[in-house]
Amino acid sequence: MRNPATPGAIAESADLVLPLLSPRDLAAAASACRSLRAAAAAVTTRRAADAARSLEPLPVPFHNRVDSKPYAYFLYTPYSLARPAPGASSSPSAQPWGGAWARPPVPTWPRPSLDGFPSTVCGCACEAGECGGPRCTCVDAEADVADTGSEGGGMGSLRECGDGCACGPSCGNRRTQRGVAVRLRVVRHLHKGWGLHAVEALGRGQFVCEYAGEFLTTEEARKRQRLYDELASVGKLSPALIVIREHLPSGKACLRVNIDATKVGNVARFINHSCDGGNLHPVLVRTSGSLLPRLCFFSAGDIMEGEELTFSYGDARVRPNGLHCFCGSSGCCGVLPSEET
Ligand SMILES: C[S@@+](CC[C@H](N)C(=O)[O-])C[C@H]1O[C@@H](n2cnc3c(N)ncnc32)[C@H](O)[C@@H]1O
């Protein structure tokens with residue numbers, strides 16, 4: 001029988017356990033012995049190599065020339081998750097990240113029901129290649145953005161095929177459903193924390209990523225926002241809770257969607273604010289058969305290799321404890337817009 005105290009046996013067990021640990025617990029384990037220190041260092045290196053932990057078609061590495069943080073810790077989801085009902089099993093609290101075993105790329109298809117509601121079975125029955133065309137019932141003639149690269153500011157809208165449609169994963173009317181297919185990296189900034197950058201040049205109107213996280217009720221979103229504001233004001237947290245409001249032509253809010261990517265999210269949680277509107281165009285995507293819309297980002301214009309990806313978080317309301325904005329744009333308000341809950 002193998003001696004469980006030999007370095008080989010320790011390394012084997014470490015590879016099962018260490019990827020589940022938070023950075024603080026990983027550091028504690030590393031201080032126990034030499035073998036664990038080496039195993040923990042390897043986990044850190046692998047975490048820094050892919051923020052998306054093989055859950056996207058391409059890896060998204062961290063890059064830090066500012067301080068010694070190798071990566072940001074959070075749980076990854078490629079698509080938004082409905083928050084479990086009170087009493088039901090809660091959202092995951094740990095997820096293996098940085099193990100030596102090669103995880104087979106997770107298929108981005110079929111996606112689970114995005115909003116936790118049973119999918120209504122409406123959809124199109126187009127012939128192959130006809131989805132998105134004039135006869136496709138998934139296309140909304142009223143939608144204001146066929147041109148998702150419009151630079152007019154505001155939020156665009158788009159309709160895509162979904163669960164109830166006869167088409168499959170390669171359908172041309174599912175541009176936002178195949179994960180992050182452009183090369184990105186997460187770069188450390190001196191004053192803004194992490195930021196998301198393009199590693200390749202992007203053309204205008206290209207799909208970049210969805211803003212994925214936990215769908216929250218408004219009550220829960222308000223509760224979390226209060227806590228996040230407190231922690232952010234003392235520099236202990238970079239919150240990533242976004243509130244989307246859709247308005248009726250009358251101007252009255254008719255739909256509010258809260259997505260929190262702070263604890264569970266995807267690469268979009270690293271997108272910083274820019275007072276000039278940034279280079280990303282937010283688009284609400286409705287998928288046939290799903291009740292909740294998804295927030296997706298398209299490039300608002302041509303984007304250069306290496307450029308930081310940003311969008312406007314909203315209008316800055318000057319609050320005494322509002323965070324300082326470091327977007328660097330010529331029209332910078334000086335204060336980061338904060339969510340009015
Ligand atoms: C959605 S997160 C963006 C990623 C974040 N920088 C990080 O390190 O995880 C939003 C937070 O990023 C920071 N941030 C975003 N845009 C900023 C800006 N223009 N100036 C200063 N800080 C910014 C603020 O701390 C804000 O609460």
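1. Two strands are taken to pair if DSSP finds at least two bridges between them, and the helices (H or I, at least four residues) and strands (E, at least two) are themselves DSSP runs, numbered from the N terminus. Residues are numbered from 1 along each chain as its sequence is written. This is a predicted model, in which local features need pLDDT of at least 70 and side-chain atom pairs count only at pLDDT 80 or more, while totals for chains, interfaces and linings use all residues.

2. On confidence, pLDDT being the predictor's confidence in each residue, from 0 to 100, the chain has an average of 85, and 82% of the residues reach at least 70. For the complex, the predictor reports an ipTM of 0.99 together with a pTM of 0.90.

3. The four-stranded open sheet has the order β4-β13-β14-β7, with mixed pairing. Because β4 (156-160) and β7 (207-210) stand at its edges, each with a single partner strand, one side of each lacks a neighbour in the sheet. From one strand to the next the twist averages 35°, where axes are lines fitted to C-alpha atoms, for helices over the stretch in contact, and angles run from 0 to 180 degrees between N-to-C directions. Strand β13 (residues 280-287) runs parallel to β4 and is joined to β4 by five bridges; Gly156 has Val283 of β13 as its bridge partner.

4. Two bridges link β1 in the parallel sense to strand β5 (residues 184-189), with Phe62 partnered by Val186 of β5. On the other pairing, β5 and β6 are antiparallel over six bridges, Val187 standing opposite Gly195 in β6, and a hairpin of three residues connects β5 to β6.

5. The ligand is surrounded by 19 residues, of which the closest are Gly193, Trp194, Ser238, Ala240 and Asn272. At least two residues of this shell come from each of β6 (193-198) and β12 (272-273), and β6 gives the most, with three residues. The shell comprises eleven nonpolar, six polar and two charged residues, on a scheme in which Ala, Val, Leu, Ile, Met, Phe, Trp, Tyr, Cys and Pro count as nonpolar, Asp, Glu, Lys and Arg as charged, and the others, Gly among them, as polar.

6. The domain bounds, which come from an automatic or database domain assignment, divide the chain into domain 1 (1-49) and domain 2 (60-88 + 95-311). Contact, defined as C-beta atoms, placed from the backbone, lying within 7 Å, involves twelve residues of domain 1 and ten residues of domain 2. On the side of domain 1 that touches domain 2, helix α3 (residues 34-49) gives the most, with seven residues, and by class that side has seven nonpolar, two polar and three charged residues.

Terms used:
Near = placed C-beta within 6 Å. Contact = placed C-beta atoms within 7 Å.
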